[in-house]
Structures are given as C-alpha cells and as structure tokens.
Amino acid sequence: MSEVKFMKGNEALAEAAIRAGLDAYFGYPITPQSEILEYLAIHVPKRGGVVLQAESEVAAINMIYGAAGAGARVMTTTSSPGFSLMQEGISYIASAQLPCLLANIVRGGPGLGTIQPSQGDYFQAVKGGGHGDYHLIVLTPSTVQEMADFVYLGFDLADKYLTPVMILTDGALGQGMEKVTFPDYDPAKKKVAKPWATTGKSPNRSKNVITSLYLQPEKMEQINEELQAKYTKIRANEVRWEEYLTEDAEVLFTAFGLGSRIARKTIQLAREKGIKAGLFRPKTVWPFPYQRLKELAQQVDVIMDVELNAGQMIEDVRLAVEGAVPVLFHGRMGGMIPTPEEVLEKLEANLQPAQAGISQQEVAL
Amino acid sequence: MSTQQDLICEQIDNIKMAKVYERPDSLLDVRMHYCPGCGHTTTHKILMEIVDELQIKNEVIGVAPVGCSVLAYDYLDIDMQQAAHGRATAVATGIKAVQPDKYVFTYQGDGDLAAIGTAETIHSANRGENFLIVFINNGIYGMTGGQMAPTTPIGEKTATSPYGRDRATMGAPIDITGLLAQLPGTFYATRQSVHDAKAVRKAKKALTKAFQYQKLNKGLCIVEIVSNCPSGWKLTPYESNQWMIEHMMSLYPPGDVKAPSKEDLQS
Ligand SMILES: Cc1ncc(C[n+]2csc(CCOP(=O)(O)OP(=O)(O)O)c2C)c(N)n1
Ligand code: SF4
C-alpha cells in the first residue's frame, strides 16, 4: 500500500531508501543533510540493515565500495565538502562497476562556504570530479516527492548498469517539508543476481575479484571501452526531462532542481505580462537531454538559464543549442537564492536585444 | 643381467615417497612478481596454508592494498577486493558489515596502513571490527621505489631521506601495532616475522589464531609481520634478513603485544 506523509526532503530520501531495501548506509555528518544519517540511525536498526557513522567521508565511500562489492544495496549521502572527499573512492567504484546510490545535498562553496543551498557542484557531479574517464548517472529532484522517487529509480539504475548513481540536490530541498507519497515497492522483486560479488569462493565457481587495476595499457583501454559502451547505452535509454508550458513558448527557461522551481514561478509572472515563457527541466543532468533541448531551440526566440551558481549547466545548454538562439543567464551564488522577480527583471532587460538577434556575447549578462 | 645402476633404480622405485611439502591448494601456481627473498611471498604462502587447513576457502574475503601486494588477488585463489591506497580497512568494514559471518582480512604495507590509511586503521580498531589486519612492516615503500615510510628506522637512508631519516624533521618510527593494542576494540595484536623456519611456524600459529578469533566477534586482530625489502634496501636477500634482525627487530620486537586472556576467549 502506498502511504502519504509530510516530511523533510532528507527524511523522505532516507525513508525511501529503507523501503527500497537498503542493506547498509555509511556516512559522516555534515549540514544540511545530517537528518539522513539521524533518521536512518533511528529507523534502520528496527527494520533491518546496517547504519555506520564513519570516521570521514573518505572512509564512508570506501565502506560503500566494500559492501557494494560484497553484493549489498548501499547508499551514502553527504554535502559538498564531503562529496569532494569522496571523489577518489567514486572513481574506483565507477571503474570496478559497483552499484550504489550517492546523494550530494549541495551547499554554497567553494571552500567551507556556507550551509545555505546552492547548485555549485554541477560540474563536479556531471563532468567528473574524480580521476579518469567515467560518469555517474545524475538525478536532480525538484520536489520532496522526487527526493523519494529518485531513490528507488537510482537503486534500480545502479543495479541495471552496475554503476554509481547520484542524486544531486540542495539544502532547500533537503530541509524543506512537503507532502510525499511512498509507492508500493517490493525490494525482493527488484533484487538482481550479483554473481560477481565477493561472498566467499564456493567450489563451483572461480574466484571473484573486485578491482580497478589493469597494468597492461591494452587491457586498461579495453576496460575503458567497456565503460564507454555502457555510457552510450545509458545515454540512449535513460535521458529524462520535464517540460512546462513549452507548446507555445517563445522564451524557454532551462533549470534543474531548486532553480526550476524559481523558473516556474517566473514563468507565471511572465505570462501575466504577456511573455510566452516555458520551462525545460532536465531530471537527469547526466545523461543530459541534449536532443530535446536542441529541438526546442528551433521553436523559441531565446533561452534563459537559471541556476544557483555562476553558470554551470549553461555549458550543456549551449552545447545542445549550438548557437541557434541567444542563451541568457541568471544565477546567484554562495547560498543566495534568486527570486522570480529578479529573474523576470533580468529577462525583460535583455529580451528585446536577444530577440533582435544580437548574439549572447553582446547581451549584458 | 642387472647392473649396479638398475639395482639402485629398483630400490628407489620401491621406496614409498612421503609428501613432506606441497603448495597450498589456495595458492595459485603462477609466477609471482615479488623480488627474490621478499617476505610477501612467504606470508602469502602461510596465509593460504591456513585457509586450506581451516577449510574456510568458501568463507574468506581478502582485501588487497596499494603497495607491492596490490596484485595479491592474482596469487590467492579466494574472493578478494582491491582497495584504494590506505583504505583497505574501510573496505573490509563495508564487507564485514554485510557479510558478518565471513572471515575477512586485509593485507597492507606500512605506507598503506601506517601513513595514508592511519585514520581508517585506528577507527576500524576502535570500532572493534571483527576482521584481521595482516600488516607487512618492511620500513619502506617498496612499490614506488624505496621511499621513506613512517616505520623507517632513524638514520636509514631511503630515496626520500637520502641523508638518513632525521628525527627532528621527519619524525620518529611509528609503532602502529603498539598503538592499536591500546584500544579496547583491539582483541589481539602480535608482531611476528617470516625470515627463518622457526619464525614462519610462529607467524603461522599467530595468523591461525587471528583467523579463528574472528568467530568470537570480540574485536580486531592485527598480525604485524616485520619484513624485509631487499630491493628497496639495496641488499641481497640474506643481507636484508640480517639487517632486519639488527635494525627492525630492535624497534619492533617480535611477540604478542596484546593477547586475549582465558576469559576473553570464552565465546
Ligand atoms: C592516493 C595515492 N597516493 C599515492 C600512491 C602511490 N603509492 C603506491 S604504493 C605506495 C606505498 C607502498 O608502500 P607500502 O604500503 O609500505 O607497501 P610495500 O610496497 O612496501 O609492500 C604509494 C605511495 C597511490 N597509489 N595512491
Ligand atoms: S620491492 Fe621490496 S617489498 Fe616489493 S616485492 Fe621487492 S622486495 Fe618485496
């Protein structure tokens, strides 16, 4: 039976993880996501599973490696500085092709920064972060409901592709409370066989080894090619996005997560003023929905990208748009949240020159 | 007509050959990359002898470090995970958390365990994790070409302490086994070596106990193998053992540092 609750995003994520059959969680406290560890510490012991407070994020991600390699359904969560510490381990996990779920409840940086919400870790999440040629599947929730939904999806995608999946969200969604419905989900039905896991070598199979080391460059290249073939498959099958009022849109907002909620409100204000605005919201930022955005770029006069950073996803937006239309930008940094009013103001100030075809470089951003 | 030679051959044929030594089943018959005379080889062998003797091959999961033994899984016919440099005990913690009934061990050098992985090592012990750390202390970074380790003796010349390890600027050798022994989560801490037959027998006994103790769920076991690195030390295998006895064993004397009492052993 599905169940409706009123919860913080962090709690919804934690509750969904338990319902998704979490075997083990390893993490280290950091604001604004400590509620996840706290919630799991209360509920997991009663419902079965392991919760372990590690000595650092470095240790936590390597515990994830070990437990995932031993065949368990595992998750860790952290916020920006902690996610930076995990990068080496994530690279190893991607290379060893282990399924796990990671969440970064982003706060403002760089450095120790602020505990206020931000989207400053887009580059880190989408363009690498750790060393080597790898990708994470990156899911970006925009509601507390999606904070829960993407947990089930994330675990299932991780198992399907044997890859780490990440939820990229922020402190506002983590701490904000909304209604959330937990669907029927039977982890036993979703369980996949993991014949590669290190569970002790039984006489009827050869030994299982979890590794990312291939000293022969020919072999290492082959492993890389296998990874790239997997990423090609993911790009073909797992691109997800949402559109809002795009049918007649002349102005297209692009935004993810919290930014998309500000863009939605801006669109309402814009439409009240007769500006036909719509929203394109990637739900997966890797793989990024380039194709659909490219199509939409043919239909609109101008695109405005809204982010809680100095402009990171905008690079993918521009890649998709290929210069077909001007791409404006509005962002705030360091934990400041843009208001719909200021976004609209920026749009109005730049709309006419943009519509007149003046290139984005000439438009004051 | 039988010649003297034929007669001897016949006699030999009649002798029943008793097998006094064989390669343990779990040690694969492949060429190892270890340098001649290196303690890694002997330690691998006795570990796999124990796995066979205790008949726990289907219940063992090993963790290989980054160091000369990074490829241990190529030689040992058991399930293994390769860990990032220094993170073997965190990986083992993850494995043991979800496979609590299995025998889990890490195999780590002094750079891996006592430098980059110190935090993971100490906190695994402090949580009383029920796995075994096999700690190969050769006082040097073998894999990367003979740089100074935290366990390098004072005065010892290495690639990164070309004038000898200077206490004032490079610190003193760290005794990790002694440190861990002080934590309540450590159940058994012992120092051994594998440089001669007697030492090998003792080390094997200690390792066997350390495996068996895992079933008591009473905490971490660490077996330090004070070892050599003929290549890194630029000595012959024989000289390296002499040097080890003189310079390493005085710093890291063999023997139990923390042994469980009779009551401790009650399950
Ligand atoms: C993060 C990281 N830093 C540095 C290295 C390079 N590195 C590989 S092995 C090693 C030291 C190995 O020494 P030790 O642990 O004593 O093992 P031994 O080779 O002597 O058996 C170093 C520094 C690495 N692989 N990863
Ligand atoms: S470099 Fe040293 S530790 Fe490494 S295999 Fe050779 S002798 Fe052994």
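**Ligand surroundings and local backbone geometry**

In this predicted model, an oxygen atom of ligand 1 lies 2.9 Å from a polar backbone atom of B:M143. Two further backbone contacts to oxygen atoms of the ligand were computed. A polar backbone atom of B:C68 is 2.8 Å from an oxygen atom of ligand 1, and a backbone N or O atom of B:G142 is likewise placed 2.8 Å from an oxygen atom of that ligand. Taken alone, ligand 1 exposes 600 Å², of which the protein buries 77%.

Ligand 1 is located between chains A and B. Its shell comprises 17 residues, the closest being B:C68, B:D110, B:D112, B:G142 and B:M143. The largest share is that of α4(B), with four residues. Classified by residue type, the shell around ligand 1 holds six nonpolar, eight polar and three charged residues.

Ligand 2 is surrounded by residues of chain B, namely B:Y34, B:C35, B:C38, B:H40, B:C68, B:N138, B:G142, B:C229, B:P230 and B:S231. Its shell divides into six nonpolar and four polar residues, with no charged residue. Charged residues are absent from the shell of ligand 2, whereas three are present in the shell of ligand 1.

In chain A, helix α12 (residues 290–299) packs against helix α13 (residues 314–321) at an angle of about 65°, and the two axes are 8 Å apart. The crossing of α12(A) and α13(A) is right-handed. On the side of α12(A), the contact is made by A:Y290, A:L293, A:K294 and A:A297, and on the side of α13(A) by A:D316, A:V317, A:L319, A:A320 and A:V321. By class, seven of the contact residues are nonpolar and two are charged, while none is polar.

Most residues other than glycine have a negative phi, and most peptide bonds are trans. A cis peptide bond is found between A:T31 and A:P32, with omega about 5°. A:P32 is placed in the loop that runs between β2 (24–27) and α2 (34–47) of chain A. Another cis peptide bond joins A:G109 to A:P110, and there omega is about 0°. The loop containing A:P110 lies between β5 (100–106) and α6 (122–126) of chain A. A:L245, a residue other than glycine, has a positive phi, near 55°. This leucine, A:L245, is in the loop between β10 (241–244) and β11 (251–254) of chain A.

How values were computed:
Residues numbered from 1 in each chain as written. Chains lettered and ligands numbered in written order. Predicted model: local features only at pLDDT ≥ 70, side-chain atom pairs only at ≥ 80, totals over all residues. Heavy atoms only, no water. Axes fitted to C-alpha atoms, helices over the stretch in contact; angles between N-to-C directions. Helix = DSSP H or I, 4+ residues; strand = E, 2+ residues; numbered from the N terminus. Left-handed = near helix turned anticlockwise from the far one by under 90°. Contact = heavy atoms within 4.5 Å. Nonpolar A, V, L, I, M, F, W, Y, C, P; charged D, E, K, R; others polar. Near = heavy atom within 4 Å. Polar contact = N/O pair within 3.5 Å; in protein donor to acceptor, adjacent residues only side chain to side chain. Areas by Shrake-Rupley, 256 points an atom, 1.4 Å probe, with all protein chains shown as cover.
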